[in-house]
Amino acid sequence: MWRALLTVVVLAIAAGIVGLFISFRELEFVSDGLVHAVFPGLVVGSAVAGTSGILPGAAIAAVAAAVLFTVLERRGGVGADSAIAVVLTGLFSLGVVLVSKQEGYVSQLQDLLFGRLLTVTEEQFWQIVVVAVLACAVVIVTWRAQLFRAFDPAGAEAVGYRPLAADLSLGVAVALLVVAGVQALGVLMVIALLTVPMAAARLLTRRFALLIPLAIALPLLAGLFGLWGSFELSVGFQATVSPGAVVVLLLVSLYGVAAAFRALGGTGRRRAKGGAAA
């Protein structure tokens with residue numbers, strides 16, 4: 001349980017930092033594509049070297065997909081979105097075909113899709129830490145370029161920043177974070193970690209300095225209560241539930257609370273303005 005909680009802490013911090021530019025650049029669909037594109041790499045790595053091969057296989061597939069999606073995204077327009085959709089569905093289907101060729105593929109498919117947060121080994125935990133640190137380092141080193149690129153692409157290019165380099169750096173950082181999260185949360189649930197915390201943070205505050213702290217605090221809160229809740233359900237009520245799924249459900253619930261808070265705050269401000277005008 002402690003190792004699972006520490007895993008959530010590491011992933012929450014990394015997702016808060018990298019997720020800032022995923023949200024600002026509106027790359028949620030590209031991030032979804034990266035998550036699905038990693039799947040065949042997971043399958044091949046697991047088939048070749050077992051558990052120890054998951055990380056290298058996923059890393060190779062993720063970086064290759066990040067470069068490919070960056071090139072497609074830079075084309076812009078509907079054609080780029082369609083191309084990314086074709087690539088992600090094709091690669092995900094390839095992963096399913098590959099895993100179906102192995103014995104006990106149903107359980108393996110379930111593990112790869114939904115993760116096993118409570119069975120993260122010490123070796124896997126330190127792999128997650130290293131990969132998450134690398135993802136954060138890539139974003140921090142290119143921070144100014146990423147910030148300029150997000151708000152003023154033409155201005156960033158005019159002052160000497162290379163848009164392609166910034167895009168590739170962010171793509172690699174997202175890919176590394178996907179690799180870090182997929183071992184614990186699985187392919188499908190890591191999408192929520194990449195997108196939901198920052199989306200909720202942007203609903204709760206307009207202050208730039210508070211975005212990352214809030215985006216880190218929300219998954220930490222969901223992780224703490226998700227692990228506790230899944231334990232109580234499993235032990236107290238004999239119900240087998242996925243801790244990763246409970247964590248994600250709580251995270252989505254927090255997003256709903258943030259959306260309601262934003263809506264009520266907007267209603268209150270409109271009433272105040274109406275009263276002042278009257």
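Phe 231 is partly exposed, with a relative accessible area of 40% (buried means under 20%, exposed over 50%, and partly exposed in between, with a 1.4 Å probe and protein chains only). The structure is a predicted model, in which local features need pLDDT of at least 70, side-chain atom pairs count only at pLDDT 80 or more, and totals for chains, interfaces and linings use all residues. Residues are numbered from 1 along each chain as its sequence is written, and side-chain values use heavy atoms, leaving out hydrogens and water.

Phe 231 belongs to helix α10 (residues 208-236); helices are DSSP runs of H or I with at least four residues, numbered from the N terminus. Together with Met 1, Leu 118 and Val 235, Phe 231 forms a nonpolar surface patch of about 370 Å² accessible area.

The model has two salt bridges, each defined as a side-chain nitrogen of Lys or Arg within 4 Å of a carboxyl oxygen of Asp or Glu. In one, Arg 25 meets Asp 167 at 3.0 Å, N to O. Arg 25 lies in the loop between α1 (2-24) and α2 (28-49) and Asp 167 in helix α9 (residues 163-204), so this pair ties together parts 142 residues apart in sequence.

Arg 149 also meets Asp 167 in a salt bridge, at 3.1 Å, N to O. Arg 25 is buried at 12% relative accessible area, as are Asp 167 at 4% and Arg 149 at 14%.

Conventions:
Patches are made of residues with over 30% relative accessible area and no salt bridge: like charges are joined within 9 Å, nonpolar side chains (Val, Leu, Ile, Met, Phe, Trp, Tyr) within 5 Å. Accessible areas come from the Shrake-Rupley method with a 1.4 Å probe; for residues, only the protein chains shown count as cover. Helices (H or I, at least four residues) and strands (E, at least two) are DSSP runs, numbered from the N terminus.
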